[in-house]
Amino acid sequence: MPAVAIEKHSAESGSFRDRNGRVVYTEEGVFRLLSEHALRQWEALSNTVFFQRLMSEGKIVETERVHSASRALTHSCNGNWAAVLRHQTVPFVSYPYEWCFSMLRDAALLQLELLRAALDEGMILKDASAYNVQWQGTRPMFIDVPSFEEWEAGEPWIGYRQFCQLHLYPLFLQAYKNISFQPWLRGQIDGIDPEQFNRLMSLRDLVRPGVFSHVFLQSKMQARYGGADKNIRATLKKIGFHKNLILSNVDRLRKIIRHLSLKPSQSEWSDYERFHNYTDDDLDRKAAFVRRAVHSRDWNLAWDLGCNTGAFSRIASENARYVVSMDADHLAVERFYQALRSEGRERILPLVMNLANASPDQGWRGLERKSIVGRGKPDLTLCLALVHHLVITANIPLPELVNWLAALGTDLVIEFILKEDPMVRTLLRNKTDHYDDYDLAVFERCISASFEVMERESLENGTRILFFAHNRSKPDRPQLIQNMIG
């Protein structure tokens, strides 16, 4: 194994709550430092059949113990660490408040699958945080390996409440009340509290699958014992909390969650591909333009902003190692995710994201959860049929938008739609037009200040113009201009 570059390393700020481990990034990859206790649990885990099987299936992050770097890495991190693990690198970190309904449901089912498999071999998941799951495209992958610990006879599943707060209640909120769970999870990093969620449930909701037992009863237990001196966990262990009780609970939860579904069948933009304002010829020319830009060079990370149901994300994935697709329309992202999952795609990650109010730095000292930009900037960004929505609907000044894109250091495929276009006229219909900055000449001046335009094309309808632009802050100017033109 090659030596690990110790000189340049940084600790994952989101892992500081774990008293028995710490995630560290170096030039060689992702490493996890283990305490003596965590090392004993790792040794037990690594000898189980289920762990090796699920890791080979891609359901648990690929992990191995490293010895060559252990002493140097633990010494440089100033801790009394006993061992070091190396983890597979996640292409792009995402958070539960950016997932669509089916993503959160699949993450919940994965955690229950892992818990059941662990119990069969005498281990358990001590945590059940949704943040312990990351994605390889549409494949969920469990990353918090030290959450597996040996199960002590009589112990309850202590991660049950956390599972409810970060998985079950958000899914109930969307499935039973048709309320988006993303703002709730973004606003409460530990999830939705049982007592709080119980107040959202009506008497009619009590007959819905899982509400009485997992919401009502749990909220009453919390109200009764939450501030009591009695150690409920110790009491249950003393009585003898049988493993079969945990397994039965897991099986009931799996059944409930599998049957949860979204109620709305249509949203403002989920049927955009059927009801857009492009002719077939213009749509073909737009796709060809994007494809030329995508194939002008190799890209590591591409963003598709305002991806809708992902037609251009698919084109970007033809020549980008990984594509992160974002849209504010939950149902559009839901349909895109379901389509990608059915195809087994692992190079496109769809996220629910309102760019006018994108995910910020948050958590303790604003360090636990990084902003969307803080998790990795793209080297190519698609911004198609989006500018008018951000400027006119969200009132973001056009120069401010272009400056933000320039600050990403990304090359850009962007579409500008004139005010004469039917879509823009619709957006302005009930507004006073104070958008003097929303003008093609202003747009071109802004773009030219930070980008070199490599290609420009007007579609036949005359109101939509496409640009492929190279960021002037990047030294690697594309050389294949002839491929773009010809």
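## Aromatic contacts and a bent helix

At 10% relative accessibility, Y131 counts as buried, where buried means under 20% relative accessible area, exposed over 50% and partly exposed in between (1.4 Å probe, protein chains only). The model is predicted: local features need pLDDT of at least 70, side-chain atom pairs count only at pLDDT 80 or more, and totals for chains, interfaces and linings use all residues. Residues are numbered from 1 along each chain as its sequence is written, and side-chain values use heavy atoms, without hydrogens and water.

Y95, at 5% relative accessibility, is also classed as buried. Rings of Phe, Tyr and Trp (its six-membered ring) pair if their centres lie within 6.5 Å; planes under 30 degrees apart are stacked, over 60 edge-to-face and the rest tilted. The count by this rule is 16 aromatic pairs. Two of them are tabulated below.

| Pair | Centre to centre | Angle between planes | Class |
|---|---|---|---|
| Y95 and Y131 | 6.0 Å | 55° | tilted |
| F142 and F148 | 5.5 Å | 65° | edge-to-face |

F142 and F148 are both buried. Ring pairs also join F416, Y438, F443 and F467 into a cluster.

The charged end of R369 sits over the ring of Y131, 3.9 Å from its centre, and over the ring of Y95, 5.8 Å from its centre; this requires NZ of Lys or CZ of Arg within 6 Å of the ring centre and within 35 degrees of the ring normal.

Helix α5 (residues 160-177) bends by about 35° at L168, with P170 following within four residues; the bend is the angle between axes fitted to the seven residues ending there and the seven starting there. In α5, 15 of the 18 residues are buried.

Terms used: Helices (H or I, at least four residues) and strands (E, at least two) are DSSP runs, numbered from the N terminus.
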